[in-house]
Amino acid sequence: TANPQGDRELLARRRATLGPHSPTFYDEPLHVVSGQGVWLRGADGIDYLDAYNNVPHVGHCNPVVVRAIAEQAGRLNIHTRYLSEPVVEYAEALLETFAPHLDKVLFTNSGSEANELALRMTRQHTRSTGVLVTDFSYHGNTASLAELTTGLRVKEPFGSHVRALHIPDLDSDPRSEEVLLTEALAEAEAAIASLKEAGHGVSALLFDPLFSTEGLLRPPAGYIAALTDLVRSAGGLIVADEVQSGLGRAGSHFWGHELYGIAPDLVTLGKPLGNGHPLGGVVTTTDLLDEFGAANLYFNTFAGNPVSAAAGMAVLRETIDRGLQRGAHDVGSYAHDLLEKLAARQPLVRAVRGTGLFFGLDFVDETGRPATAQTKQIVEAMRRKGVLISKIGPHDNVLKIRPPMVFTREHVDLLVDRLAASLDEL
Ligand code: PMP
């Protein structure tokens, strides 16, 4: 660090105002001052390769997005109770990217708000409250989402109306695909029965199609489709939380749920949608929205305002016009191949995980136990070598590599080179 004294003072002021638990990454927090494309400039004058951040979807400070925000902010910004073009144009363009039955959208300011609203809609439709989530998942910071959080430290008691499913994972469980599938579906049936028995019924399955917090799990083929069938037969709706998995990141598909060939009733959006401008949404069907609207007025002061809509539109245009989904597929496959080669000579690696531009290595020690400490060391070593990544999973032993979508093969080469060096240092 160029100015360690200055950084310590800034950290002290942060703690004095935001509280001692306001989290930062790394043993020594990284002080950043600007960003461009896949690069973050540190206060130390170093340009860090950003292989972690998905919010700057089309690149840090993407000039098209910056211009769209600035121009709209200079023209008009107001809530949505007057008629204006941007929110309508953006809604039309966004809905074009979904299957035809998903033809309505309600905008929000965050992923949490989107999930909160989606759960309200599922309760309204099903007149039930029971929710199925997955083990070690995260869906947001509101009171009702805290009650169903299994993945981050949250003090709220786990809701009596919630059941968490263990997601079968082919990369860590040596048993056969059939055994895993049968066992997992039996568990889901038992969870549904228990919700009914307790009088909650089943309102929703809420899940992240890439298992972003859970550690990029790889369930047996057919598991997700069979699970959603079970939930539907029990009267519940399917909510795909695409806050992390959507907008082309999965590479082979524009939306993560499409990986499984399922048709969710609701899809929730956030993080990358506005490239950092706060923007989220719930995409759903006409029937569900009409039913919800007949019983509730949904009003949201900031969501879908002209500036947010302009930001969203610019991000979507950039994503589509620059073929970033295709890029995520190509660059992600390239990374996957290089990581497989690296894994072959590194005993610590159990699996190369992930899809498209969201991938990581799963580390276990010689006894097969999660290599939590080594994973942390690697994340720290990577930062010292100028590359930003992180870690996920219940044991924090899976690298989280999820760069802006403008990441290229050259960036992958640099990433893998530094990763190999970090592993060698262990
Ligand atoms: N869902 C998922 C899958 C997430 O990863 C997050 C944020 N990490 C959220 C929802 C909540 O989004 P936000 O922080 O915008 O409220």
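Is aspartate 396 buried, exposed or partly exposed, and how many other C-beta atoms lie within 10 Å? In this predicted model, aspartate 396 is partly exposed, with 19 other C-beta atoms within 10 Å, where a buried residue would need 20 or more. The residue is found in the loop between E14 and strand E15 (398–400). Its backbone also deserves a look: phi of aspartate 396 is near 50 degrees, a positive value in a residue other than glycine. Most residues other than glycine have a negative phi.

Leucine 216 is placed in the loop between strand E7 (204–207) and helix H7 (223–233). Leucine 216 counts as buried because 26 C-beta neighbours lie inside 10 Å, the threshold being 20 or more.

The protein chain contains 12 helices and 15 strands. Its radius of gyration is 22 Å, which agrees with the value near 22 Å for a compact globule of 426 residues. Along the principal axes, the C-alpha trace spans about 60 × 60 × 45 Å. Buried residues account for 49% of the 426 residues. Of the contacts between residues at least 6 apart in sequence, 74% join residues at least 24 apart.

The chain is divided into domain 1 (4–58 + 323–425) and domain 2 (63–321). The centres of the two domains, taken over C-alpha atoms, are separated by 25 Å. At their interface, 25 residues of domain 1 are in contact with 26 residues of domain 2. On the side of domain 1 that touches domain 2, the elements giving two or more residues are helix H10 (324–344), strand E11 (349–355) and strand E12 (358–363). That side is made up of 12 nonpolar, 10 polar and 3 charged residues.

The largest nonpolar core has 109 residues, and Leu205, Val239, Ala311 and Ile389 have the most contacts inside it. Helix H9 (residues 306–321) provides the largest share of this core, 8 residues. Both domain 1 (4–58 + 323–425) and domain 2 (63–321) give residues to the core, so it lies between them. In soluble globular proteins, nonpolar side chains tend to be buried together. For valine 239, the contacts beyond its neighbours within four places in sequence are Ala118, Thr122, Ala204, Leu205, Leu206, Pro264, Leu266 and Thr268. One of these partners, Leu205, is itself among the core residues with the most contacts.

Turning to the ligand, 14 residues surround it, and the closest are Ser110, Gly111, Ser112, Gly140 and Val243. Helix H4 (residues 111–126) gives the largest share of this shell, 3 residues. By class, the shell divides into 2 nonpolar, 10 polar and 2 charged residues.

Several individual residues complete the picture. Isoleucine 392 is found in strand E14 (residues 390–392). With 24 other C-beta atoms within 10 Å, isoleucine 392 is buried. Leaving aside neighbours within four places in sequence, isoleucine 392 is in contact with Thr213, Gly215, Val398 and Lys400. Its C-alpha atom is separated by 27 Å from that of glycine 130, which is 262 residues apart from it along the chain.

Alanine 146, found in helix H5 (residues 143–146), is partly exposed, with 18 other C-beta atoms within 10 Å. Not counting residues up to four places away in sequence, alanine 146 touches Asn141, Val154 and Glu156. Alanine 146 and alanine 295 are 149 residues apart in sequence, and their C-alpha atoms are 25 Å apart in space.

Glycine 261 lies in the loop between strand E8 (237–241) and strand E9 (266–269). Glycine 261 counts as exposed because its C-beta neighbours inside 10 Å number 11, and the limit for an exposed residue is 12 or fewer.

Notes: Residues are numbered from 1 along each chain as its sequence is written. This is a predicted model: local features need pLDDT of at least 70, side-chain atom pairs count only at pLDDT 80 or more; totals for chains, interfaces and linings use all residues. A nonpolar core is a set of buried Ala, Val, Leu, Ile, Met, Phe, Trp, Tyr and Cys residues joined through C-beta atoms within 7 Å. Helices (H or I, at least four residues) and strands (E, at least two) are DSSP runs, numbered from the N terminus. Domain bounds come from an automatic or database domain assignment. Two residues are in contact if their C-beta atoms, placed from the backbone, lie within 7 Å. The radius of gyration is taken over C-alpha atoms; the globule rule is 2.2 Å times the number of residues to the power 0.38. A residue is near a molecule or strand if its C-beta atom, placed from the backbone, lies within 6 Å of it. Ala, Val, Leu, Ile, Met, Phe, Trp, Tyr, Cys and Pro count as nonpolar, Asp, Glu, Lys and Arg as charged, and the others, Gly among them, as polar.
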